[in-house]
Amino acid sequence: MSRDFRRGSDTMSAGSMNRAPFVLLYLNVLVIATCGLVYELLAGTLASYLLGDSVTQFSLVIGLYLSAMGAGAWVSRFVLDRVVARCFIEVELGVALLGGFSAPLLFLAFARVDLFGAVLYGLVFAIGLLVGLELPLLMRILKEHLDFEDLVSRVLTFDYIGALFASLLFPMLLVPRLGLVRTSLLCGFLNAAVGLWGTSLLRPLLNKRGLNGLRGRACLIMGLLFAAFLKADRLTELAEEGVLGQAIIHAETTPYQRLVLTTNTNGFQLYLNGHLQFNSTDEYRYHEALVHPALSPLKSRQHVLVLGGGDGLAVREILRYSSVKTVTLVDLDPGMTTLADRFPPLAELSRSALKDPRVTVINEDAFVWIGRDSGQRFDAVVIDFPDPGTFAIGKLYTTRFYRMLRERLQPDALVSVQCTSPLVAPRSFWCIVGTMEAAGYQVRPYHAAVPSFGEWGYVLASLGPLPEQLTLLPDVASQLRFLTEDVLNGLFDLPPDLKRVDAEINQLNNQALVQYYDQEWGAWK
Amino acid sequence: MPLSRRELIAVMLGTPALLSGCGAAPQLPPAGELFGQDFEIGHRIRDGFRPQPTADAWENVDVVIVGGGAAGLAAAWKLARAGCDDFVVLELEAVGGGTSRSGDCPLTPYPWGAHYLPVPLPENQPLIQLLQELGTVESLTADGAPMVREQDLCREPEERLFFDGEWIEGLYPSTGATPDDLAELAVFRQEIDRWVGWRDAQGRRAFTIPTRRASDDAAITELDQYSMAEWLRQQGWKSDRLHWLVDYSCRDDYGQSAERTSAWAGLHYFAARMKAPGAEHQPLITWPEGNGRLIRHLSERVGARLKLGRAVTQIRPTTQAGEDVVEVVTVAKESQEARGWRAKSVIFAAPQFLAPRLIDGFTARTGRKVDEFEYGSWFVANLFLKNRPSERHYPLCWDNVIHNSRSLGYVVATHQSGSDYGPTVWTWYYPFSEANVRGVREQLLRATWADLAEVVLTDLEQAHPEIRHLVTRLDIFRWGHAMIYPKPGFLTGRQRREARLPDGRIHFANTDLSGIALFEEAFDHGCRAAEEVLASLTRKGA
């Protein structure tokens with residue numbers, strides 16, 4: 001080992017190469033090998049991440065990559081001796097560009113390209129081909145200076161050490177610390193650096209003509225990769241815009257969810273974890289239909305509870321009633337309930353409802369909050385949770401939750417609940433209705449058309465009898481754009497395509513609703 | 001020779017301690033403690049420590065219950081329900097409950113051992129009564145099946161498996177299963193269904209909870225003659241996935257691999273919890289503190305009659321004024337003060353291996369031996385997390401199992417309270433399968449908190465690479481003689497069958513009498529022994 005090391009640190013004879021310690025050359029091999037394997041791991045990870053089925057994806061990616069490397073090695077024999085050094089540098093720059101941008105490119109492609117598989121496997125093959133060229137070319141350059149045995153064994157040694165580095169660094173350091181996009185950009189940068197350094201190391205082997213152009217390109221690629229590294233978050237957003245199809249004007253990740261605001265000619269839209277929450281052009285339809293059936297018919301509506309609804313738009317509707325004295329809003333995410341502070345158009349749209357002195361905001365999981373007895377009882381409750389797409393949200397639609405809610409209700413309180421689309425997800429919708437009945441509520445399901453969502457469903461519920469005919473207070477009605485008394489009562493006429501279907505009761509120990517929701521919306525998409 | 005930490009990890013987790021020498025020194029949580037049962041007094045008693053009470057330190061009582069674990073507390077509960085209030089329960093440890101005990105912190109209570117019950121079938125009336133007292137069983141259906149309140153049933157998502165680098169739903173390693181694997185799983189389930197539907201000539205089931213009601217037909221007892229792994233081989237099943245699932249189940253319930261667990265016990269795990277062939281497993285009842293909730297309720301019923309920190313040193317059948325009595329000599333662990341109780345009856349609710357050591361003349365009178373009673377040791381760790389690890393794939397469940405780990409994974413104490421974000425407490429379980437620790441048991445018992453904490457974190461790191469940054473405290477409980485071990489032949493063996501017969505006025509109650517360690521078995525033996533005592537007291541009264 002030590003003897004090898006000493007020999008390895010001998011300097012090369014002057015002549016066809018510039019003087020440089022061998023050690024540094026082997027470092028090149030190490031970097032090349034490490035980056036080469038990282039690209040392969042990146043492609044495999046991304047493929048299984050985006051397409052699922054990790055066994056298939058990893059097998060395909062590894063197989064394709066290795067065969068492409070074989071093809072690269074075979075192609076290397078057609079490179080003429082006099083251009084071998086230049087070709088090596090060109091290959092490095094090509095790897096830097098393709099490999100370095102592979103992860104952001106694939107994320108963007110997944111969002112915007114139909115034939116994602118073709119892009120993925122094409123890119124894997126191209127990178128593999130170039131990586132396959134690297135070592136054969138380098139060995140041809142070095143063979144003038146070393147015995148064949150020495151050459152092969154040393155290059156292979158460092159090649160394999162590089163593979164070990166990559167396989168350890170990738171899961172333990174690179175992905176956890178940098179993420180996939182920055183890992184890919186960093187490796188590209190290293191490849192470009194090897195290329196740039198090659199222009200001076202292999203200078204005697206290079207034609208002077210075009211040398212500066214080569215260096216210029218290397219610097220340009222390094223600059224591009226560096227800029228992309230700094231802007232990696234923006235790249236992620238671009239990928240999301242591809243998925244959402246609209247320009248992103250504000251995005252943040254809270255400990256609970258990803259909030260993204262987009263804009264188009266009609267207004268702006270809020271997405272939570274990629275699911276549309278409202279569109280500013282037609283949200284009034286959704287929120288008027290959610291709030292007024294529960295508030296307008298009440299004799300007393302002093303104390304109102306809102307569960308979810310952190311955007312403040314339901315509260316805006318509630319505050320139209322001058323008789324409302326307090327509004328308590330329970331929403332998990334402080335990032336959501338303070339979004340209007342950082343995004344003024346939302347403050348305008350919600351009329352800064354959450355800043356109203358009558359409103360108290362509590363940031364807590366509503367399930368945990370409602371299980372704690374505060375003794376306070378409410379005249380009306382508006383439930384505006386996200387759709388039940390996960391177990392953590394599904395628990396907020398269970399008999400247990402609705403039973404705990406009973407302890408917070410005045411005897412004749414009214415409750416309205418947003419219940420996803422009865423047209424797209426009839427079993428989900430009727431599961432919620434049935435669950436509320438099982439928890440001891442009288443219920444009247446209703447619906448409204450919200451263009452951005454489609455046909456939407458709600459339930460009006462109470463522990464006592466529900467009003468047959470709903471009224472709207474004149475001073476509130478005059479402020480509304482969607483509801484009149486006739487329209488309001490018409491919402492309770494369900495057309496035949498929204499008729500009741502059988503569904504299980506949603507309980508904590510079966511979470512039937514999450515499964516229905518998954519099946520029904522999964523089939524729709 | 002003490003083991004190095006790296007060797008300890010290699011022994012306990014069965015994996016070479018890869019990379020533990022590379023990079024930064026592994027980070028241990030800022031706080032934690034190593035707890036264990038008190039063996040010191042036990043060893044002194046074994047070595048002849050027998051302090052005698054003074055004449056005025058004796059009390060007369062109808063019944064003395066030796067041991068305040070689930071069986072002893074159940075016996076006390078049964079006596080109290082029958083109106084017999086003249087008893088004491090003597091417990092060595094500072095807290096009752098045995099392996100069903102629990103801990104508490106401002107965030108949530110958490111288990112230190114047993115942590116769930118399947119919803120009892122209608123036949124198990126005493127347990128249903130207990131659950132009714134707790135409010136857990138709200139009502140009974142027409143056929144006597146208990147209706148359990150929603151918040152006490154295990155919330156979905158219930159269980160997940162870390163397999164092939166990702167969390168998947170359920171415990172069967174389904175990713176990449178071949179049609180042959182799935183076919184064997186289906187046939188296995190059919191075979192379990194067959195046992196669920198099986199009835200003997202007297203209409204008894206093959207496997208029941210409690211086991212006392214199960215059939216003793218030769219077709220059933222034969223299953224105790226070989227191991228669960230052998231039974232799988234006899235069926236011709238080769239699927240690694242199925243073998244893993246069955247092996248995990250044996251380790252989970254009995255602390256021993258399928259190779260060392262009786263096929264009877266192995267099948268009991270699967271078949272005793274189903275109402276009828278093709279039915280789902282009975283839903284699980286659980287609380288944040290696990291079965292500690294049951295212990296708390298039972299302890300409240302027993303009240304001041306539960307004497308904690310008091311070691312029983314001697315149990316002497318004798319006569320006083322022409323009456324047969326049993327003298328129970330105790331010593332307070334703290335003050336070393338000796339006290340005695342003279343009882344009309346004793347319920348010995350401690351592990352059976354202690355009977356010859358504590359009961360005078362036991363072997364001579366009964367001719368019984370206890371050397372077949374073998375017990376497994378466990379490590380249980382409670383990890384206090386300031387936040388949850390980031391998750392992809394299937395979300396955090398109540399029960400979280402890591403495939404091909406020798407640990408049993410962890411349960412989440414905050415799961416039942418509906419909390420899905422922020423701080424939590426995880427309870428991690430590790431059974432000492434004899435095969436794993438052969439030859440190094442002594443070293444393992446000498447391992448320090450830091451050694452064991454490193455084992456816990458190394459295990460969890462496989463699935464949660466950032467776990468070390470999240471744990472603020474890690475407590476470990478080392479259980480010796482924690483669970484009776486249902487090795488082949490033990491269940492049908494003479495020692496176990498005879499162990500529950502009374503020795504004069506001394507009655508026996510402990511889960512080890514069933515050969516498997518379950519709260520339900522302990523509870524059943526406690527109730528049975530209390531009934532025996534009540535019958536004998538009534539006879540004497542008459």
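This is a predicted model: local features need pLDDT of at least 70, side-chain atom pairs count only at pLDDT 80 or more; totals for chains, interfaces and linings use all residues.
Residues are numbered from 1 along each chain as its sequence is written, while chains are lettered from A and ligands numbered from 1 in the order in which they are written.

**Chain B overall**

- Chain B has 18 helices and 21 strands; helices (H or I, at least four residues) and strands (E, at least two) are DSSP runs, numbered from the N terminus.
- The C-alpha trace of chain B spans about 75 × 55 × 45 Å along its principal axes.
- Of the 542 residues in chain B, 48% are buried, meaning that 20 or more other C-beta atoms, placed from the backbone, lie within 10 Å of the residue's own.
- Among contacts in chain B between residues at least 6 apart in sequence, 72% join residues at least 24 apart; a contact needs C-beta atoms, placed from the backbone, within 7 Å.

**Chain A overall**

- Chain A holds 21 helices and eleven strands.
- With a radius of gyration of 32 Å, well over the 24 Å that the globule rule gives for 525 residues, chain A is more spread out than a compact globule.
- Along the principal axes, the C-alpha atoms of chain A fill a box of roughly 100 × 40 × 40 Å.
- Buried residues make up 45% of the 525 in chain A.

**Local features of chain B**

- Strands β7 (residues 137-140) and β8 (residues 146-148) of chain B pair in the antiparallel sense over three bridges; pairing requires at least two bridges found by DSSP.
- β7(B) and β8(B) form a hairpin with five residues between them, and B:Gly144 in the turn has a positive phi of about 85°.
- Helix α1 (residues 5-13) of chain B has B:Leu8, B:Ile9, B:Val11, B:Met12 and B:Leu13 as its buried residues.
- Just after α1(B) comes B:Gly14, with a positive phi of about 70°.

**A sheet in chain A**

- Four strands of chain A make an open antiparallel sheet in the order β1-β2-β3-β4.
- β1 (247-253) and β4 (275-279) of chain A are at the edges with a single partner strand each, so one side of each is left without a neighbour in the sheet.
- Strand β3 (residues 267-272) of chain A is joined to β4(A) by four bridges and runs antiparallel to β4(A); here A:Leu272 stands opposite A:His275.

**Nonpolar cores**

- The largest nonpolar core has 151 residues, of which B:Val64, B:Ile65, B:Val66, B:Ala75 and B:Ile347 touch the most other members. Such a core is a set of buried Ala, Val, Leu, Ile, Met, Phe, Trp, Tyr and Cys residues joined through C-beta atoms within 7 Å.
- Leaving aside neighbours within four places in sequence, B:Val64 has contacts including B:Phe87, B:Leu90, B:Trp341 and B:Val346.
- Another core lies apart from it, with 84 residues, among them A:Tyr271, A:Met336, A:Leu354 and A:Cys419.

**Where the chains meet**

- The contact takes 17 residues from chain B and 19 residues from chain A.

Terms used:
A residue is buried if 20 or more other C-beta atoms lie within 10 Å of its own, exposed if 12 or fewer, and partly exposed in between; C-beta atoms are placed from the backbone. Two residues are in contact if their C-beta atoms, placed from the backbone, lie within 7 Å. The radius of gyration is taken over C-alpha atoms; the globule rule is 2.2 Å times the number of residues to the power 0.38.
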